[in-house]
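Hi,

Here is the structure I promised to pass on. Have a look at it first, and then read my notes below.

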Amino acid sequence: MLLSFQQLKLIPVQVSHPPRSCQLNGEGTHIIIGGTGGLGRSMTRWMIKHGARHIVLVSRSGSQDIKVQQFLDEVHGTAAVQVIVCDVADEGQVRRLMDTCSKTMPPICGVVNAAMALHVSSPPSDACRNIADPV
Ligand SMILES: NC(=O)c1ccc[n+]([C@@H]2O[C@H](COP(=O)([O-])OP(=O)(O)OC[C@H]3O[C@@H](n4cnc5c(N)ncnc54)[C@H](OP(=O)(O)O)[C@@H]3O)[C@@H](O)[C@H]2O)c1
């Protein structure tokens, strides 16, 4: 796409190579860290639509949430989707996760991280004073 800032109008350009459709490996296992969350569930739907057939959703609390239960019911029959409890901030738990997957699932072919921890806090008042009134 080419933009002209002079005349403020779009100039259409023919795309010579349209993007190819995505086809995921249906033989391997995809791991989605935080897969039980909103983003993870949405991504799982997309991945199944594009050929993924073995998916592990990783979370600390597992499948207790009603939304997760409903989601597993929704995707039942379209792919083998299972929830495994694991805190990915704990190396030992991650090692156990990899061990379980390698013993019980097809080879891992993709890992997606859809989990993140945010800590929002106010800086100490001294820090604010130093920024506002440097020496
Ligand atoms: N949704 C959006 O539009 C959007 C946009 C930009 C950025 N983000 C960021 O993307 C991330 C995912 O968004 P979301 O809406 O899907 O959030 P969400 O619904 O809170 O899902 C987060 C998932 O991550 C899991 N999780 C968190 N810490 C974990 C850990 N240490 N080990 C394993 N699993 C862990 C949670 O399960 P447990 O609590 O059971 O562990 C949950 O399943 C968030 O950090 C968000 O800030 C989201």
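Start with strand E3, where Thr29, Ile31 and Ile33 point one way while His30 and Ile32 point the other way, and all of them are buried. In other words, five of the five residues of E3 are buried, so to speak a strand that is mostly covered. Keep in mind as you read that this is a predicted model.

What sits beside E3? On one hand there is strand E6 (residues 108-113), which runs parallel to E3 and is joined to it by five bridges.

E4 is worth a look of its own. Six of its six residues are buried, which makes E4 mostly covered. Which residues lie on which face? His54, Val56 and Val58 are on one side, with Ile55, Leu57 and Ser59 on the other. Both faces are covered.

Now to the inside of the protein. In soluble globular proteins, nonpolar side chains tend to be buried together. Here, the largest nonpolar core has 17 residues, and those that touch the most other members are Ile31, Ile32, Ile33, Ile55, Val56, Leu57 and Val58. The elements that give two or more residues to this core are strand E3 (29-33), helix H1, strand E4, helix H2 (66-75) and strand E5 (80-85). E4 gives the most, with four residues.

Next, the ligand. There are 19 residues around it, and the ones that come nearest are Gly34, Gly37, Leu39, Arg60 and Met116. By type, the shell divides into ten nonpolar residues, seven polar and two charged. Helix H1 (38-49) and strand E4 (54-59) each supply at least two residues of this shell. Which element gives the most? That is H1, with three residues.

Ala115 lies in the loop between E6 and helix H4 (125-132). Setting aside neighbours within four places in sequence, Ala115 is in contact with Ile33, Gly34, Gly37 and Val88.

The other one is Leu72, which you will find in helix H2. Leu72 has 17 C-beta neighbours inside 10 Å, so this residue also counts as partly exposed. The C-alpha atoms of Leu72 and Val83 are separated by 9.0 Å, and these two residues are eleven places apart along the chain. Beyond the neighbours within four places in sequence, Leu72 is in contact with Ser63 and Val81.

Then there is helix H3, residues 91-104. H3 has 14 residues and reaches 20 Å from its first C-alpha to its last, close to the 20 Å expected at 1.5 Å a residue. Why does H3 lie largely in the open? Of its 14 residues, the number buried is one.

Finally, zoom out to the whole protein. The secondary structure comes to four helices and six strands, and read along the sequence the pattern is β-β-β-α-β-α-β-α-β-α. Of the 135 residues, 20% count as buried. Taking the contacts with a separation of 6 or more, residues 24 or more positions apart account for 70% of them.

Happy clicking, and write back with any questions.

Technical notes: Residues numbered from 1 in each chain as written. Predicted model: local features only at pLDDT ≥ 70, side-chain atom pairs only at ≥ 80, totals over all residues. Near = placed C-beta within 6 Å. Nonpolar A, V, L, I, M, F, W, Y, C, P; charged D, E, K, R; others polar. Core = buried A, V, L, I, M, F, W, Y, C linked by C-beta atoms within 7 Å. Buried ≥ 20, exposed ≤ 12 C-beta atoms within 10 Å, placed from the backbone. Expected span 1.5 Å × (residues − 1). Pairing = 2+ DSSP bridges. Contact = placed C-beta atoms within 7 Å.
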